[in-house]
Amino acid sequence: MNRAEATANAAREILAHGGPDCLTDPHIGLAAMSRALDLGATHDDITAEMRRQRAANGDAGPIA
């Protein structure tokens, strides 16, 4: 897995398993973020990818 793949995966996992309800295991998103960060991604990279994925799915809601 390269940096871009890890960033996309982290964003996908955070969107799927994060949020205020966080009804699933929070470690899923954290592990994906950790892998992306280890491969050189930044928090800004992951946030931008989360925005891109949400926009692609028609959900342009805010991401802090």
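Mentor: Contact means heavy atoms within 4.5 Å. Among contacts in the chain between residues at least 6 apart in sequence, 57% join residues at least 24 apart. This is a predicted model, in which local features need pLDDT of at least 70, side-chain atom pairs count only at pLDDT 80 or more, and totals for chains, interfaces and linings use all residues. Residues are numbered from 1 along each chain as its sequence is written, and side-chain values use heavy atoms, with hydrogens and water left out.

Trainee: What makes His27 count as exposed?

Mentor: Exposed means over 50% relative accessible area, buried under 20%, and partly exposed in between (1.4 Å probe, protein chains only). His27 has 54% relative accessibility and therefore counts as exposed. His27 lies in helix H2, residues 27-38. Of the 64 residues of the chain, 30% count as buried.

Trainee: How many helices and strands does the chain have?

Mentor: Helices (H or I, at least four residues) and strands (E, at least two) are DSSP runs, numbered from the N terminus. The chain has three helices and zero strands, in the order α-α-α from the N terminus on.

Trainee: Which residues of H1 and H3 meet?

Mentor: Among them are Arg3, Thr7 and Ile14 in H1, and Asp45, Met50 and Gln53 in H3. The residues of this contact divide into seven nonpolar, two polar and five charged. Ala, Val, Leu, Ile, Met, Phe, Trp, Tyr, Cys and Pro count as nonpolar, Asp, Glu, Lys and Arg as charged, and the others, Gly among them, as polar.
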